[in-house]
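Me: I'd like to go through the labels on this model and check what each one rests on. Can you take me through them?

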Amino acid sequence: MNKYIFVSGGVCSSLGKGVAASSIGALLESRGLNVRMVKCDPYINVDAGTMSPYQHGEVYVTDDGAETDLDLGNYARFTKGRLSLANSITTGQVYDSVIRKEREGKYLGKCVQVIPHITDEIKSRIIAVAKEESDTDVVIIEIGGTVGDIESIPFIEAARQIIHEQGKKNAISVHLTLIPEVAGGELKTKPTQHSVKTMLEAGIQPDILICRSPLMLDEATCEKIALFTNVDIDAVFTSPNINTTIYQIPIILLEQKLDQVILRKMGVESRHADMRPWHSVMERFFSRQGKVRIGVTGKYMEIHDTYTSLYEALFHAGLECGVVVELVKIDSSKLENREDAGAILGDVDGILVPGGFGQRGINGMVKAAQWARTEKKPYFGICLGMQIMVIEWARNVLGWTDADSTEFTSDSKYPVVSLLAEQINVKNYGGTMRLGASETVNEDGTHIYAAYGEKRISERHRHRFEFTNKYRDEMIKSGLIFSAYTPDGALVECVEWPQSEHPWGVAVQFHPEYKSKPMAAAPLFRDFIAAVKKNK
């Protein structure tokens, strides 16, 4: 029988439910169990694809093209289980499905209600993930939002029903709360008590508490929390604020024996935990020497979550290359009116231009690419960053001063980037881009081939615009290298600056950051940081 672990949060948002759920997954995998992760998001959007990065952070894309919450990126970095559209459940998806069934008469004339129809839909989607692969042992379900939010009520109710139906040995509740520190350094447990009370009002008695706290809780505080929340004293854990990396969290929870308590409560016998990969990550973290400064030049620099997977991939590359990667976040719009880009970029060791949409800041990105090319600084472009590399080359090497993308200038004389043919008449923007995994064929003797060591690779895409093929021959004659294509040769997937003229200039149309892990950095990120380190 499958086991279910529901991870909820209380007191306030941004406590780290995603990291906590992912850490539990990592701990159980270290014990030889097969884990699948699920995120329940209360928003009414069908998926995260049309949401502003300022409001929601990055969109994480799975192999099957699902546009999901950034927490699925954490799941991918911490655990091994396959992720797909089925692992992301939103209120929008649930209501859309129920309403469609009602219109088709599948409820036989019944009055369609939140209970049982909405909750049944949620439950069926969770259980479908458990049954999708025959060897799944545990499904960990993170419920987005904060307990007490009106939007989360159907998901909390679905969790309550599954816990009741499956029994305490097969389904448990893990609740993440906040222990704030007030003036004088005193830790207050009252918010946690109220948060658990709210869970009890919803019909769920948490089995395990993970308390986010400025420091490790002492035994007296844990006893007080246990007394007022009906939770066993050995089931109260601390997730302390740390100044290292989130990849230390599984080790911290292991040291408190969280995995042992979960397995005992669920009646699961397993081998001893093999945490060697996680200890290796921390050993590499503490053994890094030297520092490289990477100028991430993009559009949404104010909020860290907008490029979470990218920042993590740079961190992973730093671990592998044995160097500290310092992020220098540069708003590309601030470069647009500067004649001398070096005044802002001069102290960085490498430039990375990430993905994005819209015209704002584009000319600033072009200036950053030009500065990296002429100053011989390693450059890495991702998605929009590849299009920027092409536009910069067309303007400053070929002399096509008005070269642009039709996304930004519809009447450009040299539209070197243009809309995919199948996108021209698209009106609905949700889930209609080139999405998900597809194959890329690398050319011999190129940086991308050296990075992957393979002719054929699979990476994930999320874009509408591509390099315009009618300019391919002129670009090649001018010295620009097209180093990877789709298998049919129709679309350019990677562009490079000549190796004889530049230490490392590579840009790809896909998003390699989605597949990077702390134990295995994405190949292009690894080689980018290695090139920056060597060039410095």
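**Salt bridges and burial**

Reply: Lys39 and Asp71 form a salt bridge, with their closest N and O atoms 2.8 Å apart. This is a predicted model, where local features need pLDDT of at least 70 and side-chain atom pairs count only at pLDDT 80 or more, while totals for chains, interfaces and linings use all residues. Residues are numbered from 1 along each chain as its sequence is written, and side-chain values use heavy atoms, leaving out hydrogens and water.

Me: Why is the Lys39 and Asp71 pair called a salt bridge?

Reply: The term asks for a side-chain nitrogen of Lys or Arg within 4 Å of a carboxyl oxygen of Asp or Glu. At 2.8 Å, Lys39 and Asp71 qualify.

Me: What makes Lys39 buried or exposed?

Reply: Buried means under 20% relative accessible area, exposed over 50%, and partly exposed in between (1.4 Å probe, protein chains only). Lys39 has 3%, so it's buried. Asp71, at 11%, is buried too.

Me: Which parts does the Lys39 and Asp71 pair tie together?

Reply: Lys39 sits in strand S2 (residues 35-41) and Asp71 in helix H3 (residues 71-78), so the pair links parts 32 residues apart in sequence. Helices (H or I, at least four residues) and strands (E, at least two) are DSSP runs, numbered from the N terminus.

Me: And how do you know whether Arg100 is buried or exposed?

Reply: Arg100 has a relative accessible area of 51%, so it counts as exposed. Its salt-bridge partner Asp96, with closest N and O atoms 3.0 Å away, has 33% and is therefore partly exposed.
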